[in-house]
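Trainee: I am new to this structure. Could you walk me through some of its features, one at a time?

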Amino acid sequence: SASPEVAAQHARLRELTGGSLSFLLSGGAGLKREVKELFHQAGIQMIEGYGLTECSPNLTMNRLDDYDFDSVGKPMPGVEVRISDQDELQVKAAGCSPGYYKMPEKTAETFVDGWVYTGDKVKVDEDGFYYITGRVKDYFKTIQGKFVAPTPMENIFAENPYTEQICLLGRGYSKTVMTCVLSALAQEQPREVVEADLRERVAAVNAEVDKHARIGALIISTDPWSIENRVLTPTMKIRRERIEELFGETAEELARRSAEQGELLVVWR
């Protein structure tokens, strides 16, 4: 059972959400697992789904009686799905758009024979739950010419209380580099405590991935990524190319030095 302090926090959360709320729907950028668990422990189920503006927009959804914390649920009624050889989710449904207004090239790329090519990579488990594993265009090659899937690595690194936003870089680098923005909690803690914890998370990531994908450096920032500084989209998704613009030069140099020195390098910005 929860401690009195935690129980009071849960009661406060229920009060702030009106007192009688039983569930919430979430879309846009994916939620951290701890956020969903917090609401769940307070008696409010956080139902996460997946969709596109091009598809009006729901495609998959968790349900109160059929739920998996880490997934985006199962296809909605009337939605056909298939997964390409590159693990891209492709969908067909009555509510999908036929194309983009006055954008014939982009239309031809995204809308093919009635199917919408979402650009999102997925996996599906034996129970039929779908999991977003990254963007097709987000996969990159390191200097060794081997592909890296950033999202699974970011998910492992995100299992800490000290980062609010994260993004893995490494296109053409000697090593991959994790960039992150500190949470409010982290900014109340001594720098050495935060850095020690984040170093442990890097070690946890590196223990799970192939040698060519291992993180060689960590860039820690206190400046939030936002819509205003063009890092986030209007749906709060990170623009990876914008992170490369802001941090790429430093990240590539850190990756080179890390490969030469054989150690994890940490820079605060």
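**A guided look**

Mentor: Gladly, and let us begin with D68, which is found in the loop between β3 (58-61) and β4 (74-75). This is a predicted model, in which local features need pLDDT of at least 70 and side-chain atom pairs count only at pLDDT 80 or more, while totals for chains, interfaces and linings use all residues. Residues are numbered from 1 along each chain as its sequence is written, and side-chain values use heavy atoms, with hydrogens and water left out. Helices (H or I, at least four residues) and strands (E, at least two) are DSSP runs, numbered from the N terminus.

Trainee: Which class does D68 fall into: buried, partly exposed or exposed?

Mentor: Buried means under 20% relative accessible area, exposed means over 50%, and partly exposed is in between (1.4 Å probe, protein chains only). D68 has 21% relative accessibility, so its class is partly exposed.

Trainee: Which backbone nitrogen does the side chain of D68 reach?

Mentor: A polar contact is a pair of N or O atoms within 3.5 Å; within protein, one must be able to donate a hydrogen and the other to accept it, and residues adjacent in sequence count only if both atoms are side-chain atoms. The D68 side chain makes its approach at 3.0 Å, and the backbone nitrogen belongs to D70.

Trainee: Which residues is D68 in contact with, leaving aside neighbours within four places in sequence?

Mentor: Contact means heavy atoms within 4.5 Å. With those neighbours set aside, D68 is in contact with N62, F129 and Y131.

Trainee: And S71: is this residue buried or exposed?

Mentor: S71 also lies in the loop between β3 and β4. Its side chain reaches the backbone nitrogen of G73 at 3.0 Å. Beyond four places in sequence, S71 has contacts with E48, N62, F129, Y130 and Y131. The relative accessibility of S71 is 1%, so S71 counts as buried.

Trainee: What is the peptide bond from S56 to P57, cis or trans?

Mentor: Both residues belong to a loop: P57 lies between β2 (45-51) and β3, and S56 lies in that loop between β2 and β3 as well. The omega angle of the bond is near -25°, and the bond is cis.

Trainee: What is the phi value of S56 near?

Mentor: S56 counts as exposed because its relative accessibility is 54%. Its phi is positive, in a residue other than glycine, with a value near 65°.

Trainee: Where does K102 lie?

Mentor: K102 has a positive phi near 55°, and K102 is a residue other than glycine. At 67% relative accessibility, K102 counts as exposed. Its place is the loop between β6 (88-92) and α3 (104-110).

Trainee: At what angle do the axes of α4 and α5 cross?

Mentor: Two packed helices are described by the angle between their axes and the distance between the axes. Axes are lines fitted to C-alpha atoms, for helices over the stretch in contact, and angles run from 0 to 180 degrees between N-to-C directions. Helix α4 (residues 150-157) and helix α5 (residues 191-206) have axes that come within 8 Å, and they cross at roughly 140°.

Trainee: Which word describes α4 relative to α5?

Mentor: Angles under 35 degrees count as roughly parallel, over 145 as roughly antiparallel, 65 to 115 as roughly perpendicular and the rest as oblique. With axes crossing at roughly 140°, α4 is therefore, relative to α5, oblique.

Trainee: Which residues of α5 do M153, I156 and F157 in α4 meet?

Mentor: Those three α4 residues meet a set in α5 made up of L198, R201, V202, A204 and V205.

Trainee: How many residues of this contact are nonpolar?

Mentor: Ala, Val, Leu, Ile, Met, Phe, Trp, Tyr, Cys and Pro count as nonpolar, Asp, Glu, Lys and Arg as charged, and the others, Gly among them, as polar. In the contact of α4 with α5, no residue is polar, 1 is charged, and the number of nonpolar ones is 7.

Trainee: How far apart are the C-alpha atoms of I166 and T179?

Mentor: I166 is found in strand β12 (residues 163-169) and is buried, with a relative accessible area of 14%. Its contacts beyond four places in sequence include F157, T179 and W225. Along the chain I166 and T179 are 13 residues apart, and their C-alpha atoms are separated by 5.7 Å.
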